[in-house]
Amino acid sequence: MQNRSSRPPLPAIYEEAEALDASLQIPNAAACELKIYDVTYLHYHSLLELGWCISGSGECYAEDRIFPFSAGDVQIIFPYQKHYNRSSPGSPSLWHFISLNPETLLPALGFLEPAALEEWLQNEMGLFGVFSRAEQPQIHETAVRFFREIFRPEPFFPHRRELCGALLCELFCELSRGSAPLPKLALRRNPVTAQVSPALRQIQRQLAQGVQPSVASLAALCSMSEPNFRRVFRRATGSAPKEYILCAAVHRAEQLLLTTDAEIVQIAAEAGFTDVSGLNRQFLDKNGVSPSRFRAMHRR
């Protein structure tokens, strides 16, 4: 039987998220809670992601590294870096997250030219992940100051744009200086993954509606023959399409088990399984325990 740690990763693509723009207005600016059950998909963004942990603890998985985090730490994830966060059992974490495109935001705020920013991103960055006050005080302090200014409750105050632009520029300078002795990051979109991005999005959408899509429909969505789609999908995700869909369906069932009081038979239907036995079989294979046992273990 497979245990949880041997489950293949499930890349999901989030390239259309609302981003901080030159007006510095953040849509949905409330903090985000990352609960114990939120076993977040491995994913990447086309934007820079900044996070500030308000409370709790856990681990950030970014590329091939694991970064522990706790309250007060900041997280910096560059475009196209695969990552996900997981809270520690019994210690749900609360975060502020900001997504932004520095190559458009900083020039709009009057700092640097796009060519200089592109040079920084493509050739100078080596640091990423979680930054603590104890280990990286300058980067941590600059990032926290940026967050405090962005989330300042006053609707307007003089020179807010200039101050935020200066702090973001300072953050990039600190990251570049700290990255000098390190191998540089390859911050480019994986063209193979891009080919199956429509299928990955469709899987998420349909599972949210209680439907497991067919491989044939996903191949058509990506304008590929089914045999070619299977080959490209495996190269992009490391999993066969059907295996990926079943893993994603089990993930959906996990969330429903721990966030609702629904009966197992209802959860099976909402995760796209035709019957309870199908859910039980896949759940046992992926987690080593039954759905009811999984719910009892984690709720306790």
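A polar contact is a pair of N or O atoms within 3.5 Å, and within protein one of the two must be able to donate a hydrogen and the other to accept it. In this predicted model, the side chain of glutamine 75 makes such a polar contact with the side chain of asparagine 85, at 2.9 Å. The side chain of glutamine 75 also makes a polar contact with the side chain of glutamate 49, here at 3.3 Å. Glutamine 75 sits in strand β7, which spans residues 74-77, and because its relative accessibility is 1%, glutamine 75 counts as buried. Leaving aside residues up to four places away in sequence, glutamine 75 touches Glu49, Leu50, Gly51, Cys60, His83, Asn85, Trp95, Phe97, Gly129 and Val130.

As for the protein as a whole, 11 helices and 10 strands are present, and 47% of its 300 residues count as buried. Among contacts with a separation of 6 or more, residues 24 or more positions apart account for 74%.

The structure holds 10 aromatic pairs. In one of these, the rings of phenylalanine 69 and tryptophan 95 have planes at 75° to each other, so the pair is edge-to-face. Phenylalanine 69 belongs to strand β6 (residues 65-70) and tryptophan 95 to strand β9 (residues 93-100), so this pair ties together parts that are 26 residues apart in sequence. Both phenylalanine 69 and tryptophan 95 are buried.

| Aromatic pair | Centre to centre | Angle between planes |
|---|---|---|
| Phenylalanine 69 and tryptophan 95 | 5.0 Å | 75° |

Elsewhere, ring pairs link Trp52, Phe147 and Phe151 into a cluster.

Turning to the helices, α8 (residues 241-259) and α10 (residues 276-287) pack at an angle of about 95°, with their axes 10 Å apart, and the two are therefore roughly perpendicular to each other. On the α8 side the contact involves Leu246, Cys247, Val250, Ala253, Glu254 and Leu257, which meet Leu279, Gln282, Phe283, Lys286 and Asn287 in α10. Sorted by class, the contact of α8 with α10 has seven nonpolar, two polar and two charged residues.

Helix α5 (residues 191-208) and α7 have axes that come within 9 Å and cross at roughly 95°, and α5 and α7 are therefore roughly perpendicular to each other. From α5, the contact draws on Val192, Thr193, Gln195, Val196, Ala199, Leu200 and Ile203, while α7 supplies Phe229, Val232, Phe233, Arg235, Ala236 and Thr237. By class, the contact of α5 with α7 has nine nonpolar, three polar and one charged residues.

Helix α2 (residues 114-123) has Leu117, Trp120, Leu121 and Gln122 as its buried residues. What covers the buried residues of α2 includes α1 (102-108) and α4 (160-179).

How values were computed:
Residues numbered from 1 in each chain as written. Predicted model: local features only at pLDDT ≥ 70, side-chain atom pairs only at ≥ 80, totals over all residues. Heavy atoms only, no water. Axes fitted to C-alpha atoms, helices over the stretch in contact; angles between N-to-C directions. Helix = DSSP H or I, 4+ residues; strand = E, 2+ residues; numbered from the N terminus. Parallel < 35°, antiparallel > 145°, perpendicular 65-115°, else oblique. Contact = heavy atoms within 4.5 Å. Nonpolar A, V, L, I, M, F, W, Y, C, P; charged D, E, K, R; others polar. Buried < 20%, exposed > 50% of the residue type's maximum accessible area, 1.4 Å probe, protein only. Phe/Tyr/Trp six-rings, centres within 6.5 Å; stacked < 30°, edge-to-face > 60°.
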